[in-house]
Amino acid sequence: MAIRRQSAKLDVFTKIAIAVLVLILSVLIVIPVGNVLYKSFQPGGIEVLRNVYDNDYTRQIIYNTVWLGISVGAIGTAIGFLLAYIQVRVNFRGKKLLHILSLLPLVSPPFAFATAVIVLFGRAGIISNGIFDKQPMIYGYKGLILVLSISYFPVAYMNLLGMLRSLDPAVDEAARSLGASKFKIFITVTIPLLIPGIAASFLLLFVEAIADLANPLVIGGDYTVLASRAYIAISGEYNIAGGAAYSTILLIPALLVFIIQRYWSQRADVVTVTGKPSGQIEYIRTPLARYSLLAMAWSIVAFVILIYSMVIMGSFFKVLKVDYSLTLDNYRYIFSGVGNSAILTTTMLALLATPIAGVLGMMLAWVIVRKIKRGGQVLDFFGMLGLALPGTVLGIGYAFTFNSPIQIFGITILPQLAGGGAILGGAMAIVMVYVIRSSPAGQRSGIANLQQIDPSIDEASASLGASGGRTFRKISLPLIRGAFLTGLMFAFARSMTTLSPIIFITTPDTPILTSLILAEADTVRYGNAFAFCTLLIAIVLVTMGLINLLVNKTQQAGYQPIAVSAG
Amino acid sequence: MKNKSGQLTLSNITKVFGNGSEKVVAVDNFNLTIEPGEFVTLLGPSGCGKTTTLRIIAGFETPTSGEITLDKKDLKNLTADKRPMGMVFQSYALFPHMSVFDNVAYGLRVQHLSKEIISQKVAEVLETMSLSHLATRAPNQLSGGQQQRVALARAMVVQPKVLLFDEPLSNLDAKLRAQMRIEIRRIQQKLGITSVFVTHDQDEAMSLSDRIVVMRNAVVEQSGTPDEIYRRPNSVFVADFIGRSNFFKVDKVSSGKGDKVKVLVNNEELEVAAHPLAHKSKTPVLLVRPESIQVKAATVKKSDGIVSNVVFYGNHVEYSVTTSYGEITAIESDPIYDQIVKPGNHAILEFDPSRTWLLPSSGEIIREE
Amino acid sequence: MKKSRLIALGAIASLAMSLLTAVAPAQARDLKGSQCGREGLIRTIKGVTYTCERVDGSLKYAEGRKLSGTLNVVCGATEAWCAAMATKFKELTGVNTRFVRLSAGLVPARLEAFKNNPEFDVWHGGPADGYVVGRNLGLTEAYLSPTRKMISKAQLDADGFWSGVYLGALGFCSNTQALAKLGVKLPKSWADLLNPKLKGQILSAHPATSGTAFTTFWTQVTRLGSEDKAMEYMKELNKNILYYSRSGVAPVGAAGSGEVAVGLVFAHDCVAGAKNGLPLKVSFPSEGTGYEIGAVALIKGARNPLAAKTFIDFALSADAQNLGVGANAFQALTNPKAKYNRLIIPLRKVKLVDYDFEKAGNRKPDLTKRFDDEIINRSQVKS
């Protein structure tokens, strides 16, 4: 189906929507990032930028970062692909369970995975040393790719699941009738058709991996990456401009990756015309293929379960690795004092941010795919930027931008939003950070979904007299409900587990759960830290389940949901 | 029941995509006035600009220059949703998450009509399209033909001033296509709605239209009634696009009685009807449709050529005859089987000059003014 | 209402008013200059807060401050200690005291971000080198608290831009079980750390991180005499280092869980770890070691400078510093009258090198760069 060129006049709703989106993105990300960029050219930052040319170590850090991104992108996408492929092409018991477990790592509180991996597989690890009497060196590249791949593969999984489900089995059947073996079909037909999805996953994982901060700090060892270097610049060298500069450098791979991904997705058009493939899916039946695929999938998932079990169990031990007596003391501690108000505040703020992030992601997707062709790339990039920046630097950008009222010609257009003296106790800045960190997922998945829907459907709605707003509400949104739902769940999970940007903008009025986890980890009280983590996981899972129920309640007869997918 | 409204005028519509080296002219100076209730087809090969023109009418593309008016009102500032037009899409574009009833009711709900009126109107149109028993089904539970009818019902029920069709029948099988053609025409005539239909299928164009606009490479080659297009094409392209043609080289052209001209074809002088600008062409050709040619067995001495191929269709037979002036196709209806000239035999070709048409040859399209 | 009634009501009202004003308590007497019991003591009498200071050999109350509003503290110490301080201060003065706990290294950045519109009034906890930076960036203001007179000059910024509240000596934090398994005795010197049996068994923070690790580095400079000799030692030590952590306290956790046998940390962090149940033992190098000073400072542009100043008085007092132990913080304390718990290792019992904080601070950028280039970068090959 040819890519339809859009040059229609935009109706009022769309124009307003675009204006609002531009405004929101400007305030939420463009201005703070601009501030960071500005800072990176100040003294302290300039030297860092110059170091890229004349300092070996700085260059090494950049190579490390890029290589880490590529590795995690590849491994995470491979895992996601395997699990998605099994869901769609293999018949087995426990599909729903595998699906849920494949999504589980979306809820990863800061430090939880890395710490659990160290406890299990470190030099004195329960499994590595205790059972196998080995002392592996997991600090560094190896440990990082392990933890990061496990943390981020669900993103690739969701993306590819949707794409695999919308592949037309008729294409496979055609290839079969031409004599191709199943394996050959896989290599020459299936994979090429999925390239846009694979590319999108790879690149999204790349961007998230290189911006990740908590894991390089805990398990990164001497493998320095730009994000951890930025952190050291700020907290050790007191060089904020330097931290900003490292983050600016970090934006370059993100930008490149974004451009490449746009290029790939223009090239291949996998769309089935009306979003619904015909024909029956042929399941893989050969026992060898079936069992080896299932074995791989279940072992990966088993590893995930192992990690989570470690976190949960760790919360019940007196002193991890030393005193395994069970106790509720850790829980008693976290529910005393500031813990309670942090739990409440964090949950409330995350709940506030979630629908905003969800709708923002969907509206961006709608405008980018349907409405404007040229400005679309720019909007897309800035929408994703919230994820591409390391958290600490985003936090600094916010602190610098919203530390006082923003005035133009003496008129206050924006009151102080961040920090102790801000309106609502600084809660607004925190919600804004939550929104801008979590809308990209919904945006990607919304775009992927919308691209699979026949644009004629929107046009049909317009030809029947429906305004842009009505079309969005009654037609587009219901059809991408799957994407909207995943966007919501992801937004809540992400918001609850965000740490690094928040450090700079928590106030006494807004105690945040993740900074309490940090405080416990800093004082080596892992029992408490794990208790907080377990609580966090529980809250997120319950809420995600509720959101799921709520949105699915309005299922209509005959509606075939476009498969759950997210980018 | 004839509508007095629904007059659509396109003046000098031009659409250019891209800029600089990537410029593509999709529509070049398109002019057309469609009268209320008229059924006009835009016909042409892929990429000729017909779909773009339709989308400009609908409001899904803005013209680079030119004007469109509906009943003398300028549509320029009206977005697609504000134009009183209905559109039937090639892919039907039914809303997959709504039942047939809801699909059809959609446009009425947009108008905020009362529940009772909506119910009634939808029931009526479903009845007309024989879809009443499918009202609660989802689109993916319908056959292609049923989906097509739902799409049509949905567009019609809002009583648009203009109905637009974007190759709506191309996804149907031949028999269904023929059936739907008849239905569409029947309904359109009954309701008297101005209609613009886009297709590349000449059978559809011929059978449905009051007028046909033939387009090629962004330009209108000819516009006229089916008869005019068929009998008196402007150019070799148009002649060849609609129906089958034979082109005879012509040696001399001189004026004849009235508006006829005298031509020398194969050393025979004929008096034929001609395109007004045919005499201006350097190499005019004579169009003779295959069905106007009779093939009769002949002797070697008096033959025009040898029959190279014969295909028997039952109700007609198709001849390919190799002659000194090219490969000629002839079609004979209701043939007597034993009298069919077999391949390899000599034959003479006979036709009535009054059934022919002289036109300028390709390479110098002399456009209609 | 009848006119007569109005007049009557008015008369009663005015009489009541005059009676009330007559009976109202007299203006609180300013206790400045009166005798007080304990140097550094904070007392609030009739709504006015006083600090007891030593003037010309006798104890008198300094100028009273009428405190109100809220006090916002940015706190680089542990969460528990921050909370204890806030609670106690509120108890003593009635001021609503709130805090935000932040990793010490990030405080200057946060203060810098809000420089034009400060959120906090006072900065408490975290190593002095951060406060030096704070001063240079114009984030803090000088305040000479009367209680400073109790503190040794070596632990104060001469101009009053910060004042020391705790001290920590850098030491070795060893996992006794791990050492036993390796057959290595408790390290008692820098030279002991070079024992080949400890290959990959030592964890230190990266020198660029605030405090701890740079103290390690600079201690070598001071005791060995030159930067080059210090680099030599660090290269040798590198053979036994597992990796350089980004957090100053990570070595405690690593040693505590057995990931390494020895961690290089400030002694009080090790003690806190041991108290939490980890099998750790503290020891100090015989050649001498470095130390950190934890400070408190007044923030420039504070919205509640009076309460902030009083808080600084409080932080320097023995009463405040005694809260540490209860909050699981075992730093040595700057106030000589502070109670000593057996878990606190007094600095006089440790051999300290002559640590020049200013010089160390100035040399830090160059030395950490050298460290990166000559040690970290080279070792990339091995991982």
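Figure 1. For 567 residues, a compact globule would have a radius of gyration near 24 Å, and chain A agrees, with 24 Å. The radius is taken over C-alpha atoms, and the globule rule is 2.2 Å times the number of residues to the power 0.38. Along the principal axes, the C-alpha atoms of chain A fill a box of roughly 70 × 65 × 50 Å. Chain A holds 22 helices and 4 strands. Helices (H or I, at least four residues) and strands (E, at least two) are DSSP runs, numbered from the N terminus. Residues are numbered from 1 along each chain as its sequence is written, while chains are lettered from A and ligands numbered from 1 in the order in which they are written. Because the model is predicted, local features need pLDDT of at least 70 and side-chain atom pairs count only at pLDDT 80 or more, whereas totals for chains, interfaces and linings use all residues.

**Figure 2. Burial in chain A and its helix 16.** Of the 567 residues of chain A, 58% count as buried. A residue is buried if 20 or more other C-beta atoms lie within 10 Å of its own, exposed if 12 or fewer, and partly exposed in between; C-beta atoms are placed from the backbone. Helix 16 (residues 391–401) of chain A has 11 of its 11 residues buried, so it is largely enclosed by the rest of the structure. Among them are Val393(A), Leu394(A), Ile396(A), Tyr398(A) and Phe400(A). Contacts in chain A between residues at least 6 apart in sequence join residues at least 24 apart in 82% of cases. Two residues are in contact if their C-beta atoms, placed from the backbone, lie within 7 Å.

**Figure 3. The contact between chains A and C.** Among the 2 pairs of chains that touch, A and C have the most contacts. Chain C contributes 53 residues and chain A 48 residues. On the chain C side, elements giving two or more residues include strand 6 (96–101), helix 3 (107–113) and helix 13 (357–379) of chain C. Helix 13 of chain C gives the most, with 6 residues. By class, the chain C side has 21 nonpolar, 22 polar and 10 charged residues. Ala, Val, Leu, Ile, Met, Phe, Trp, Tyr, Cys and Pro count as nonpolar, Asp, Glu, Lys and Arg as charged, and the others, Gly among them, as polar. No contact joins chains B and C, whose closest C-alpha atoms lie 47 Å apart.

**Figure 4. An open sheet in chain B.** The sheet has 6 strands in the order 11-15-21-14-13-12, with mixed pairing. Two strands pair if DSSP finds at least two bridges between them. Strand 11 (246–249) and strand 12 of chain B stand at the edges with a single partner strand each, so one side of each lacks a neighbour in the sheet. Strand 11 of chain B pairs with strand 15 (residues 285–288) of chain B in the antiparallel sense, over 4 bridges. Asn246(B) stands opposite Val288(B) of strand 15.

**Figure 5. Strand 13 of chain C and its partner.** Strand 13 (residues 280–283) of chain C has a covered face, Leu280(C) and Val282(C). Its uncovered face carries Lys281(C) and Ser283(C). Strand 9 (residues 163–175) of chain C pairs with strand 13 of chain C in the antiparallel sense, over 4 bridges. Cys173(C) has Val282(C) as its bridge partner.
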